[in-house]
Amino acid sequence: MSGERFRTRQSAAASLLIPLLLIAITALIGANGTPSLQDTVTAILCNLIIVIGLQVYVGNSGVYSFGQLGFATAGAYAAAFLTLPAAFALLQTPSLPHFIVDAHLGALPSTLIAAAFSALLAVVVGLPLMRTSTLAIPISTFAFLIVVYDVVANWDRVTGGSSGLVNIPTTTSVESAALWAGAAVVLALAYKWSASGYRLQATREDEVAARSIGVGVMRERLIAFGLSGALCGIGGALAVHQSGVLNPATFYFGATVTTMTMLVVGGARSVFGAVIGAIAIATVNELLRSVENGASLFGAISIGEAPGLAAIGLGLILLATMIAMPSGLSGGREAGELTWLQRLGLSAPAPPPARGAAAAGEPAIDRPPGGALRAEGISLAFAGLRVLDDVDLGLERGEVLGLIGPNGAGKTTLVNVLSGFQAPDSGTVSLDGADLIGRSPARLAHDGLGRTFQTALPFPDLSGLENVAVGAMGMGAGRRRALATAADVLDRLDLLEQARLPAGALPAGSQRLLGIARALAIGPRYLLLDEPAAGLNEAECSQLVTFLRNVPNDFGCGILLIEHDMSIVMPLCSRVQVLDDGMTIRIGTPQEVQADPAVVESYLGSSFLAAVDA
Amino acid sequence: MLELRDVRVSYSGIEVVHGVDLGVGRGEVVGMIGPNGAGKSSILRSICGLAPSSGRVTFGDRVLTGLPPEQIARLGLALVPEGRHIFKTLTVAENLRLGARQETEAVELMERTLSRFPILRERAGQRADRLSGGEQQQLAIARALLGRPKLLVLDEPSLGLAPKMIDVIYELLGELREEGVTMLLVEQNAARTIDFCDRCLVLSTGRVRAQGSRGELQSNHDVLRAYLGRQP
């Protein structure tokens with residue numbers, strides 16, 4: 001089963017061990033330093049956990065959240081309440097419930113409870129927020145950050161108000177912070193490489209395509225939001241047990257900007273990026289601050305106090321990184337994916353999956369054999385313009401139905417209606433007798449409707465293999481099974497070798513075939529193909545015909561085929577339906593349709609007839 | 001007019017075009033054909049400054065290599081990209097106006113262009129994404145023409161079009177050819193492209209495998225079979 005991996009064992013190990021090594025080195029430097037250096041390093045490591053928490057959500061979803069520090073605040077207050085000595089608690093937080101005051105927990109249980117509390121808060125807050133659009137989430141999470149601040153700053157008798165809390169036990173050491181940071185790296189990578197993590201990354205790469213393979217965008221975002229909340233809570237809890245003091249502004253605007261800068265400079269898409277960004281920026285920040293306070297550089301040049309130097313320096317670093325390295329220092333890659341590391345032989349690129357490694361014919365999803373797909377009386381108008389006018393369509397199990405017609409006839413719109421991307425004004429769609437109208441695209445993918453798009457819509461940053469495997473993962477398949485399915489489908493399309501590369505680097509025609517493979521990986525009952533042959537030459541078209549001819553048998557699904565190339569439509573389809581101006585003008589065998597004067601007039605054109613005659 | 005010398009294109013360290021030479025003379029129509037992944041689109045993108053490349057691209061007496069895309073466009077090299085890339089939420093008329101280089105000459109030029117594309121005149125007030133695929137392709141070509149290009153670069157102008165609409169588009173391109181517009185185009189349909197162009201290059205896996213005039217290629221069955229998979 002060696003071929004059924006996204007990455008080699010070496011590469012995965014490097015991706016895991018190199019960040020851990022960086023954390024260990026940082027911790028060692030701190031542990032052997034002066035007490036003040038120890039404090040600084042411990043604080044850096046606590047902050048690192050928060051940055052990893054940010055990465056889990058922002059990096060995998062591609063959506064910026066400015067509210068994660070609110071969860072650090074929540075975790076910090078929770079941990080402080082649970083550990084505050086009774087005498088100080090009475091003084092500072094008189095209205096705090098007794099069972100919390102009396103808890104007097106140790107470092108570990110208080111951190112764990114803080115993590116759970118932050119995660120719960122993240123899920124509760126995320127439930128409504130994750131429903132908002134990709135553009136609204138940064139704003140709504142920012143609002144959440146402000147709300148958290150206002151609550152803790154004004155709820156004087158519980159939180160100590162704006163003066164904050166003091167005399168919190170300082171239990172976090174360099175070692176414990178490093179251990180937690182290591183655990184955060186492991187957790188973040190495990191999530192990123194899980195089926196759920198891949199589903200979320202698919203939504204980052206292309207939301208529409210992700211929905212078409214059954215990924216519930218809101219659900220996946222919520223999972224990462226919760227996990228991110230837990231990590232931020234841990235970071236906050238450890239930080240408060242390092243400094244011993246806490247006030248509402250500890251994790252507010254300043255910390256939000258700093259941690260976001262660390263993530264962006266390091267490269268948001270990788271955990272490695274979060275680690276190097278956090279360590280690098282924190283180091284530069286400390287150096288700048290010591291200069292700011294009037295230190296001498298190399299003992300030679302003495303610089304007077306330069307207030308604001310650290311802020312200006314950080315701003316310039318962020319700006320320079322955004323211009324020179326838009327994907328961050330790590331290039332958005334994990335340590336094991338770095339090419340220079342692979343050149344050194346410390347890591348290896350993923351080999352193409354072995355031929356035949358897949359259990360051929362074993363679908364990722366077992367579906368009971370279903371009945372026909374039917375659309376009846378579908379009508380739809382855009383701004384008064386009739387696009388579909390009382391269209392019927394029926395597709396039997398295992399049948400290949402062609403859908404042709406002039407550009408603008410409504411073919412793609414009809415597929416959008418069938419796959420749930422567009423609600424019709426009237427009419428019904430049913431599968432095996434069940435009404436499908438009103439179901440989301442993701443739900444319809446689970447019902448067995450797979451589709452491709454007129455443009456290929458690949459997940460450009462994921463490899464070809466990952467692109468297809470995510471299709472099976474969208475259906476809930478585990479990693480191993482998803483990979484087997486993906487390798488099998490790609491092998492049949494002769495795409496295995498190319499599938500190692502990021503999909504964005506593949507030529508347009510291959511991206512298109514990848515889209516078909518991805519749709520097949522969900523194990524569809526019906527496959528809706530929107531111009532699969534566009535961008536392929538004659539030889540590739542005939543290969544595609546050979547492949548598609550076997551699809552009903554190999555994958556047990558019917559095909560609805562939109563295509564302008566008659567050399568594809570004619571040999572594949574048992575029936576062809578012709579749309580013109582939103583209406584069905586003809587249904588028949590390929591021969592009948594080709595000979596129909598109305599079809600020739602509106603669609604095929606006289607030069608087609610001439611070519612057929614010749 | 002356009003001259004490529006040893007052009008190489010690589011994406012993230014992987015070279016996909018390995019040293020291609022290409023020349024297009026004034027008034028000439030040159031086509032590029034070849035299988036998926038041959039590097040046709042990459043070459044077009046490198047000419048227009050959209051892909052990182054090495055080698056030398058000259059246009060008239062200007063060196064294009066290293067210039068940003070918008071500056072290359074201002075020199076009179078217009079790309080009609082694959083997938084059309086019209087401004088979807090703007091109206092047809094707004095799309096066209098954005099194609100014109102100077103507002104002053106736009107009115108007269110727009111009039112001339114619209115008479116060539118009657119369907120666009122009919123739909124001038126409509127949002128561009130409400131047009132059919134064929135109409136959008138016409139809009140993309142019309143928008144490119146409004147910039148008074150010296151060279152029109154077309155990436156798969158027939159992609160996703162109904163057979164009849166392909167005839168319409170090629171009839172239009174034929175008219176432009178008669179008027180002496182210089183064109184460089186990439187297409188999948190080898191037979192049509194060889195027939196339409198004065199000269200064609202056959203590419204595969206990033207190299208020029210053959211080139212010749214219409215007559216030369218149509219009689220070269222080896223080329224057709226080996227690189228285009230066509231039976232003689």
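How is chain B divided by its domain assignment? Domain 1 of chain B takes 2–76 + 150–228, and domain 2 of chain B takes 86–148. Chain A is also divided, into domain 1 (9–249) and domain 2 (373–613). Such bounds come from an automatic or database domain assignment.

This is a predicted model, in which local features need pLDDT of at least 70, side-chain atom pairs count only at pLDDT 80 or more, and totals for chains, interfaces and linings use all residues. Residues are numbered from 1 along each chain as its sequence is written, while chains are lettered from A and ligands numbered from 1 in the order in which they are written.

**Domains of chain B**

- The centres of domain 1 and domain 2 of chain B, taken over C-alpha atoms, are 24 Å apart.
- Nine residues from domain 1 of chain B and five residues from domain 2 of chain B make the contact. Residues are in contact if their C-beta atoms, placed from the backbone, lie within 7 Å.
- On the domain 1 side of this contact in chain B, α7(B) gives the most, with four residues. Helices (H or I, at least four residues) and strands (E, at least two) are DSSP runs, numbered from the N terminus.
- That side of domain 1 of chain B has eight nonpolar residues, one polar residue and no charged residues. Here Ala, Val, Leu, Ile, Met, Phe, Trp, Tyr, Cys and Pro count as nonpolar, Asp, Glu, Lys and Arg as charged, and the others, Gly among them, as polar.

**Sheet of chain B**

- An open sheet of four strands runs in the order β2-β1-β4-β5 (chain B), with antiparallel pairing. Two strands pair if DSSP finds at least two bridges between them.
- β2 (14–24) and β5 (62–63) of chain B are the edge strands, each pairing on one side only.
- Eight bridges join β1 (residues 2–11) of chain B to β2(B), in the antiparallel sense.
- B:L4 is opposite B:L22 in β2(B).

**Where the chains meet**

- Chain B puts 28 residues in contact with 28 residues of chain A.
- On the chain B side, α6 (133–146) and α7 (163–178) are the elements that give two or more residues.
- α7(B) gives the most to that side, with four residues.
- The chain B side divides into 10 nonpolar, 12 polar and six charged residues.

**Domains of chain A**

- The C-alpha centres of domain 1 and domain 2 of chain A lie 44 Å apart.
- 15 residues of domain 1 of chain A contact 23 residues of domain 2 of chain A.
- α10 (195–205) and α11 (207–212) of chain A each supply at least two residues of the domain 1 side.
- The largest share of that side, six residues, comes from α10(A).
- By class, the domain 1 side in chain A has seven nonpolar, four polar and four charged residues.

**Helix packing in chain A**

- The axes of α10(A) and α12 (residues 217–243) of chain A come within 9 Å and cross at roughly 120 degrees. Axes are lines fitted to C-alpha atoms, for helices over the stretch in contact, and angles run from 0 to 180 degrees between N-to-C directions.
- α10(A) is therefore oblique to α12(A). Angles under 35 degrees count as roughly parallel, over 145 as roughly antiparallel, 65 to 115 as roughly perpendicular and the rest as oblique.
- α10(A) brings A:S196, A:R199, A:L200 and A:T203 to the contact, and α12(A) brings A:V217, A:E220, A:R221, A:I223 and A:A224.
- The contact of α10(A) with α12(A) has four nonpolar, two polar and three charged residues.

How values were computed: Two residues are in contact if their C-beta atoms, placed from the backbone, lie within 7 Å.
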